[in-house]
Amino acid sequence: MNRLAWFLFVLVSFLWGIPYFLIKISIEDLSPVFVVAGRAAIAAAVLIPVALLRGTLSALRGRFRLVALIATVHIVAPFLLITYGEQHITSSLAGLLIAVEPVVIALLLAGAEPITPVRLAGLVLGFAGVAVLVGLDVAGDGQGLLGAAMVLLATVSYSVAAVVVQRRASDIPPESLTVGTTAITTVVLLPFAVVARPVGPVGAGSWAALVALGVFCTAVALLSFYRLIALAGSNRAGLVTYVNPVVAVLLGVLLLNEPFGAGTAAGFALVVAGCWLSTRPPRAPVQTRVDRLATTDRSTR
């Protein structure tokens with residue numbers, strides 16, 4: 001990767017590692033649905049001028065149902081699940097559980113891509129890591145288990161969204177697709193956000209966290225990620241999944257005094273190992289010496 005690709009890789013890894021910390025700050029004074037609606041509205045406001053300048057909004061014409069589906073599984077459902085889930089679990093645990101996304105994607109694509117023994121081992125290790133994380137952090141805590149389940153459902157939703165975008169929306173310009181999904185999210189959640197609007201004083205920290213979620217963690221992060229894909233390919237760009245949970249944990253431990261022990265580290269190590277193994281491409285069949293000789297013989301004729 002060139003210098004720009006490395007810069008974007010580091011940028012996206014950080015921008016997608018801090019939402020869990022910012023969500024924890026914002027929900028101190030704001031309701032989860034208000035945070036999600038506000039985050040989407042801010043991102044849409046930032047990206048609409050970008051799409052207009054590039055003249056790409058016409059790509060959304062006739063694709064409303066598809067864009068609405070992506071908005072549901074890529075923003076509305078996972079953003080709400082994570083934000084509500086963080087009412088019951090730490091921000092660092094939320095970031096670690098999201099790290100299992102590549103394992104879920106590999107499972108969803110099992111019909112199209114063969115499950116080799118290596119990939120099967122990756123799936124097993126990934127879900128074993130989730131079991132270790134949940135078992136150590138929220139065992140016996142009903143609310144904690146509910147929060148962890150919400151975040152895991154968000155991971156499944158993110159994974160479904162990735163498959164849908166790859167198969168049905170790869171021809172839509174990134175800024176236009178993001179404008180469409182964030183705008184639809186805003187319209188859908190606005191009535192609920194109005195009902196759940198804050199009635200008491202809201203601290204400056206909560207407002208600042210909400211703005212940062214919309215501008216940096218949604219608008220800037222999505223544009224940077226799509227640019228990274230163009231420069232380095234989707235496989236390398238997807239490696240941010242291994243880095244952003246580390247950012248989430250560091251922020252949670254250092255700034256929110258969240259616990260992090262050896263067991264949690266072991267669970268995360270299992271998740272990372274599972275992600276790496278489950279996303280490895282199958283090896284090409286080894287060409288035998290006889291095949292190589294036959295190929296060489298044909299090429300010399």
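Trainee: How many helices and strands are in the protein chain?

Mentor: The model is predicted, and its protein chain has 14 helices and 0 strands. Read along the sequence, the pattern is α-α-α-α-α-α-α-α-α-α-α-α-α-α.

Trainee: What share of the residues counts as buried?

Mentor: The protein chain has 301 residues, and 46% of them count as buried.

Trainee: And what about contacts between residues at least 6 apart in sequence?

Mentor: Of those contacts, 89% join residues at least 24 apart.

Trainee: OK, the inside. Which residues touch the most other members of the largest nonpolar core?

Mentor: That core has 55 residues, and the ones touching the most other members are Ile18, Leu22, Ile82, Ile89, Leu97, Leu189 and Val271. Helix 10, residues 204-232, gives the largest share of this core, with 6 residues.

Trainee: Which residues does leucine 97 touch, leaving out those up to four places away in sequence?

Mentor: Leucine 97 touches Ile89, Val130, Leu133, Val134, Ala148, Val151, Leu152 and Thr155. Ile89 is also on the list of core residues that touch the most other members.

Trainee: Which residues does the second core include?

Mentor: The second core is separate and has 12 residues, including Val67, Ile70, Val165 and Ile172. As a general point, nonpolar side chains in soluble globular proteins tend to be buried together.

Trainee: Which residues make the nonpolar surface patch?

Mentor: Val246, Leu250, Leu254 and Leu255 make a patch of about 400 Å². Leucine 254 is in helix 12, which covers residues 240-256.

Trainee: Is leucine 254 buried or exposed?

Mentor: Leucine 254 counts as exposed, because its relative accessibility is 64% and the cut-off for exposed is over 50%.

Trainee: Where is asparagine 257?

Mentor: Asparagine 257 is in the loop between helix 12 and helix 13, the latter being residues 262-278. Its phi is near 60°, a positive value in a residue other than glycine. Asparagine 257 is exposed as well, with a relative accessible area of 67%.

Trainee: Switching to rings. How many aromatic pairs are there?

Mentor: The count is 2 aromatic pairs. In one of them, the rings of tryptophan 6 and phenylalanine 9 have centres 5.9 Å apart and planes at 75°.

Trainee: Why is that pair of tryptophan 6 and phenylalanine 9 edge-to-face?

Mentor: Because the planes are at 75°, and angles over 60 degrees count as edge-to-face. The two residues are 3 apart in helix 1, residues 3-15, so about one helical turn separates tryptophan 6 from phenylalanine 9.

Trainee: What about phenylalanine 34 and tryptophan 207, how far apart are the ring centres?

Mentor: Their centres are 6.1 Å apart and their planes are at 70°, so this pair is edge-to-face. The pair links distant parts of the chain, with phenylalanine 34 in helix 3 (residues 32-54) and tryptophan 207 in helix 10, 173 residues apart.

Trainee: Which relative accessible areas do phenylalanine 34 and tryptophan 207 have?

Mentor: Phenylalanine 34 is buried, with 17%, while tryptophan 207 is partly exposed, with 37%.

Note on methods. Residues numbered from 1 in each chain as written. Predicted model: local features only at pLDDT ≥ 70, side-chain atom pairs only at ≥ 80, totals over all residues. Heavy atoms only, no water. Helix = DSSP H or I, 4+ residues; strand = E, 2+ residues; numbered from the N terminus. Buried < 20%, exposed > 50% of the residue type's maximum accessible area, 1.4 Å probe, protein only. Contact = heavy atoms within 4.5 Å. Patch = residues over 30% accessible without salt bridge, like charges linked within 9 Å, V, L, I, M, F, W, Y side chains within 5 Å. Areas by Shrake-Rupley, 256 points an atom, 1.4 Å probe, with all protein chains shown as cover. Salt bridge = Lys/Arg side-chain N within 4 Å of Asp/Glu carboxyl O. Core = buried A, V, L, I, M, F, W, Y, C linked by side-chain atoms within 4.5 Å. Phe/Tyr/Trp six-rings, centres within 6.5 Å; stacked < 30°, edge-to-face > 60°.
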